[in-house]
Amino acid sequence: MADDLSIQVASSMMQMIASRGSSELSMKLMKMQAQQEQSVVAMLTQQAASLQTAGYNSSGASVAPISKGSVDAAV
């Protein structure tokens, strides 16, 4: 009887340890995914900002952005 009880206690402890480890691993993976998503958002934000200031020529190719203080920007 005592052996059965000690086996059940050991089994319960192992399940708790495995569950805790799984939870910690899940949290780490979610943090890693969030960091990757934040990097993608930052990259897309930067690209969108550069597209807003970029110009295009008659063939559709992009040209260097016009600085805000230039004469062309005022026209």
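**Salt bridge and surface of the predicted model**

Glu24 is partly exposed, since its relative accessible area is 43%, a value that falls between the limits of 20% and 50%. The model is a predicted one, and its elements follow the order α-β-β-α from the N terminus. One salt bridge is found when the whole structure is searched, and Glu24 takes part in that contact together with Arg20.

**Salt bridge**

- The side chains of Glu24 and Arg20 form a salt bridge, with an N to O distance of 3.4 Å.
- Both Glu24 and Arg20 belong to helix α1, which covers residues 2–53.
- Along this helix, Glu24 and Arg20 are four residues apart, or about one turn.
- Arg20 has a relative accessible area of 59% and is therefore exposed, as the cut-off for that class is over 50%.
- In general, side chains of opposite charge can pair when their charged atoms come close.

**Nonpolar surface patch**

- A nonpolar patch on the surface is formed by Leu5, Val9, Met13 and Met16.
- Together, Leu5, Val9, Met13 and Met16 contribute about 410 Å² of accessible area.
- Leu5, one of the residues of this patch, is located in helix α1.
- The relative accessibility of Leu5 is 52%, so Leu5 counts as exposed.

**Overall architecture and accessibility**

- The protein contains two helices and two strands.
- Of the 75 residues in the protein, 0% are buried.
- The accessible surface of the protein amounts to about 6,800 Å².
- Carbon and sulfur atoms account for 62% of that accessible surface.

**Confidence**

- The protein has a mean pLDDT of 81.
- A pLDDT of 70 or more is reached by 77% of the residues.
- Confidence is highest in helix α1, where the mean is 88.
- Confidence is lowest in helix α2, residues 71–74, where the mean is 52.
- Where pLDDT is low, the predicted coordinates should not be read in detail.

How values were computed. Residues numbered from 1 in each chain as written. Predicted model: local features only at pLDDT ≥ 70, side-chain atom pairs only at ≥ 80, totals over all residues. Heavy atoms only, no water. Salt bridge = Lys/Arg side-chain N within 4 Å of Asp/Glu carboxyl O. Buried < 20%, exposed > 50% of the residue type's maximum accessible area, 1.4 Å probe, protein only. Patch = residues over 30% accessible without salt bridge, like charges linked within 9 Å, V, L, I, M, F, W, Y side chains within 5 Å. Areas by Shrake-Rupley, 256 points an atom, 1.4 Å probe, with all protein chains shown as cover. pLDDT = per-residue confidence, 0-100.
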